[in-house]
Amino acid sequence: MTAEEAFTNRQAQWALVADALTEHLQRISSLGFDVEDLEAPRNNVIVLHGVGGIGKTTLSRKLEAALSDAGQRPPQWGEPGWPDGRILPVRIDLARSAGTDFEQLVLTIRLALAARVGRPLPAFDLALRRYWEATHPGEPIEEYLRRGGLAARFGQSLPEQMQSALGEAAQMLALPGMLGSVVGQVTGALVRALRERRQTVRALAGCARLADLLEAEPDLDSLSYYPHLLAWEISRLPDRKRVTPVILLDTFEDVGDRTRRDLERLIQRVVWLMPNALWVITGRGRLQWADEGLQGQLDFTGPQAWPGLAAADTPYTRTPLPTTSGGRQVLVGDFAPEDCDDYLARRLSCAP
């Protein structure tokens, strides 16, 4: 007699994710959606939080599997309301044992797209190539991907796509063939062509901030803005290649404590700059991005910026609320200690 692993319950959490994804797909396909709008409120984040050991990582993995393959979806979760093959789940473990490396986070998203889409995303790829040569001199990106295990997970198509984007840009600019491998000269020429609004670069001219980002110092701060280019490229994919990323960030508590938010700032920036991706975050504590008190510590804060993360009658809920009215932060099990303190501070405060 053999035993089989069974996954039970969690229908409420799946229903929240499924409903939010359905709503997300409707929103990003509407005529009024603009992937380059940096001012519109964001409602593309779901948070599943609770104490360690309650099953958040198992749930994150099961969500990834269920979104990847309908055959791996638990029967009690029912059928989704979106077409097969259009969702690209990308799960990233932020645990310290896995390495809280911001470069690796950005690369993982691009690698997943490289494997699924199978084509260069030139605006992003040119910026990434320039960043890599400036910050990793003498270290081929192929070696970095192999050493970090990313090549084994996603393959080695990204370096080829980056090189193809560089060669296509050189050809577009009618540069000598030898410049096809000199990223600094190609990007410099591309910036000039974009500034001069030359017809030869019209394929990239639609990205309003490309020239600015290619001119910026290629450092970690600039890298955190490149996902804006990635979101723009995703929005322009032909119908047969079109996918919607669902990015699952697990063990978010390992991003850093609540007094040091350097990495959290970078990650939040990526989430904001990729409004056409749905983000499912699992961690021990609730996400505080809608709290006004964090202004200055993070780029985007307050309930106007993150209406789905704002507290309604209470900052905690075990039952998902309608996805359009807040309720995007759902407790899985018991409160984390820091959330207990937060909850008690709210409940025990006395009105003047």
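This note goes through a predicted model point by point, from the whole chain down to single residues.

1. Basis of the values. Because the model is predicted, local features need pLDDT of at least 70 and side-chain atom pairs count only at pLDDT 80 or more, while totals for chains, interfaces and linings use all residues. Residues are numbered from 1 along each chain as its sequence is written, and side-chain values use heavy atoms, with hydrogens and water left out.

2. The chain as a whole. The protein chain has 14 helices and five strands, where helices (H or I, at least four residues) and strands (E, at least two) are DSSP runs numbered from the N terminus. Of its 352 residues, 51% are buried; buried means under 20% relative accessible area, exposed means over 50%, and partly exposed lies in between, with a 1.4 Å probe and protein chains only. Among contacts (heavy atoms within 4.5 Å) in the protein chain with a separation of 6 or more, 74% join residues 24 or more positions apart.

3. Strands E2 and E3. Strand E2 covers residues 87-93, and six of its seven residues are buried. E2 pairs with E3 in the parallel sense over seven bridges, the requirement for pairing being that DSSP finds at least two bridges between two strands. Within this pairing, Pro89 has Val246 of E3 as its bridge partner.

4. Helix H4. This helix runs over residues 122-135, and its 14 residues reach 20 Å from the first C-alpha to the last, close to the 20 Å expected at 1.5 Å a residue; the expected span is 1.5 Å times one less than the number of residues. Because 11 of the 14 residues are buried, H4 is largely enclosed by the rest of the structure. The buried residues include Phe124, Asp125, Arg129, Arg130 and Trp132.

5. Pro122 in H4. Pro122 lies in helix H4 and counts as buried because its relative accessibility is 18%. Not counting residues up to four places away in sequence, Pro122 touches Ala165, Leu204 and Glu233. The C-alpha atoms of Pro122 and Gln163 are separated by 9.7 Å, although these residues are 41 residues apart along the chain.

6. Which side chain of opposite charge is nearest to the buried Lys56? It is Glu253, at 5.7 Å, and Lys56 has no salt bridge; a salt bridge is a side-chain nitrogen of Lys or Arg within 4 Å of a carboxyl oxygen of Asp or Glu. For charge, Lys and Arg count as positive and Asp and Glu as negative, while His and the chain ends are not counted. Lys56 is placed in helix H2 (residues 56-68), and its side chain reaches the backbone oxygen of Gly50 at 3.0 Å and that of Val51 at 2.8 Å. Not counting residues up to four places away in sequence, the residues that Lys56 touches include Leu48, His49, Asp250, Thr282 and Arg284.

7. Most residues other than glycine have a negative phi. Arg197, which is not a glycine, has a positive phi of about 55°, and Thr251 has a positive phi near 50°. Arg197 lies in the loop between helix H8 (183-195) and helix H9 (202-205), whereas Thr251 is in the loop between strand E3 (244-250) and helix H13 (262-273). Arg197 counts as exposed because its relative accessibility is 74%, while Thr251 counts as buried because its relative accessibility is 14%.

Methods. A polar contact is a pair of N or O atoms within 3.5 Å; within protein, one must be able to donate a hydrogen and the other to accept it, and residues adjacent in sequence count only if both atoms are side-chain atoms.
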